[in-house]
Amino acid sequence: MVVNLLQNGRIGLAPMEGVIDALTRDLLTRHAGFDWTVTEFVRVVDARLPPRVFYKHCPELALPQVATPSGIPVHLQLLGADPAALAANARQALSLGAVSVDLNFGCPAKMVNRHDGGASLLRQPDRVYQAVKAVHEALDGEIPVTAKIRLGFANRRLAVACAQATEAGGAAQLVVHARTRDEGYRPPAHWEWIGKIRRHVSIPVVANGDIWTLEDYWKARTLSGCRDVMLGRSALADPWLAPRIRHWLQTGERLPASSWAMRASVLKEYAARQRQQLPDRVVVSLVKQWLAQMRQGSDEAYENFQRVKRLTELDPLLDSLVAEEAHGTGLAPSPQAHNTHSLA
Ligand SMILES: Cc1cc2nc3c(=O)[nH]c(=O)nc-3n(C[C@H](O)[C@H](O)[C@H](O)COP(=O)(O)O)c2cc1C
């Protein structure tokens with residue numbers, strides 16, 4: 001009975017600039033787990049950007065479904081502060097086939113915040129409202145606009161006001177990363193604050209931040225009261241976390257944590273595919289970047305990272321990722337066109 005009640009929880013793959021690109025989205029949605037994914041942010045300043053910028057961030061726009069090869073929808077994220085420019089770029093995204101436009105009000109980067117974008121808008125809920133409203137009106141109900149916020153900039157005083165501003169502006173869904181901008185990525189994530197926000201808005205609220213395990217997943221859902229969650233760094237640390245959660249929701253069975261061999265096989269495929277389009281030296285840093293994320297919660301990943309961190313050649317690096325090829329995960333592949341919900 002409990003399992004049935006849980007079945008509906010959706011899981012989003014978080015946007016991660018410079019880290020989760022189309023290939024990563026493809027690899028992470030191979031096994032049924034995620035319901036939707038979001039692109040790295042497209043930075044909007046004042047002009048309407050050319051189509052090539054959108055295709056670069058979201059190559060899936062060129063596909064009929066704007067989805068990963070497994071059929072999981074890809075939402076396009078914009079980051080900016082000027083309502084008119086955001087609206088013009090939302091229209092551009094729509095004309096290129098985007099299925100949903102997400103607005104980033106959470107980016108903590110000093111550079112971005114100094115230039116009036118990301119989390120800096122959380123100090124003025126009215127500006128959040130104006131940005132969402134402009135995009136909502138530009139999209140004219142053809143596709144949804146969604147928003148992603150933190151709990152605030154320096155403190156949580158305006159958390160509820162900002163959430164309400166996204167709803168009033170027309171957002172169809174709100175993702176809340178349960179930390180302020182000044183808290184960066186320091187644990188803990190304040191899931192109970194997401195619950196506070198959720199009680200003050202009527203749109204679906206998605207809990208995000210520090211969900212690393214099945215236990216975290218359950219705790220985040222319980223404390224926030226949210227049905228839906230979004231996973232970022234943990235999806236890279238363990239590409240089987242979302243499928244394991246999904247499997248648990250559907251069957252009540254707790255699968256064991258994925259082995260290092262399974263994780264290493266993802267890295268190896270990632271490297272093989274990246275080297276078809278990028279020079280080896282770039283692929284070396286990308287593999288190290290992902291391996292660094294995998295250190296969280298895996299002693300073997302930690303040891304592998306220590307061993308390869310000074311290697312500069314790709315083949316020796318891959319050879320030294322000690323791993324047998326992973327066979328069978330016990331998890332289902334993602335069904336094609338898995339979910340046709342307008343937001344997922
Ligand atoms: C390297 C990195 C890049 C990120 N890029 C984005 C981004 O482009 N857009 C966005 O809304 N959030 C971005 N985030 C925030 C994540 O989407 C997510 O909210 C945050 O990492 C907390 O979730 P997690 O604990 O599951 O990783 C980024 C985070 C990291 C660590």
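Select helix α6 (residues 125–139) and helix α7 (residues 159–169) in this predicted model. On the α6 side, show the side chains of Pro125, Val128, Tyr129, Val132, Lys133 and His136; they meet Ala161, Cys162, Ala165, Thr166, Ala168 and Gly169 of α7. By type, the residues of this contact divide into 8 nonpolar, 3 polar and 1 charged.

Two packed helices are described by the angle between their axes and the distance between the axes. Here the axes of α6 and α7 come within 7 Å, and they cross at roughly 20°. Angles under 35 degrees count as roughly parallel, and α6 and α7 are therefore roughly parallel to each other. The crossing of α6 past α7 is right-handed.

Now return to α7 and select Cys162, one of the residues that meet α6. Is Cys162 buried or exposed? Cys162 is buried, and its relative accessible area is 2%.

A disulfide needs two cysteine sulfur atoms within 2.5 Å.

Last, select Cys226. The cysteine sulfur nearest to that of Cys226 belongs to Cys162, 17 Å away, and Cys226 is in no disulfide. Cys226 is buried, with a relative accessible area of 3%. For the structure as a whole, the number of disulfides is 0.

How values were computed: Residues are numbered from 1 along each chain as its sequence is written. This is a predicted model: local features need pLDDT of at least 70, side-chain atom pairs count only at pLDDT 80 or more; totals for chains, interfaces and linings use all residues. Side-chain values use heavy atoms; hydrogens and water are left out. Buried means under 20% relative accessible area, exposed over 50%, partly exposed in between (1.4 Å probe, protein chains only). Axes are lines fitted to C-alpha atoms, for helices over the stretch in contact, and angles run from 0 to 180 degrees between N-to-C directions. Helices (H or I, at least four residues) and strands (E, at least two) are DSSP runs, numbered from the N terminus. Angles under 35 degrees count as roughly parallel, over 145 as roughly antiparallel, 65 to 115 as roughly perpendicular and the rest as oblique. A crossing is left-handed if the near helix is turned anticlockwise from the far one by less than a right angle, and right-handed if clockwise. Contact means heavy atoms within 4.5 Å. Ala, Val, Leu, Ile, Met, Phe, Trp, Tyr, Cys and Pro count as nonpolar, Asp, Glu, Lys and Arg as charged, and the others, Gly among them, as polar.
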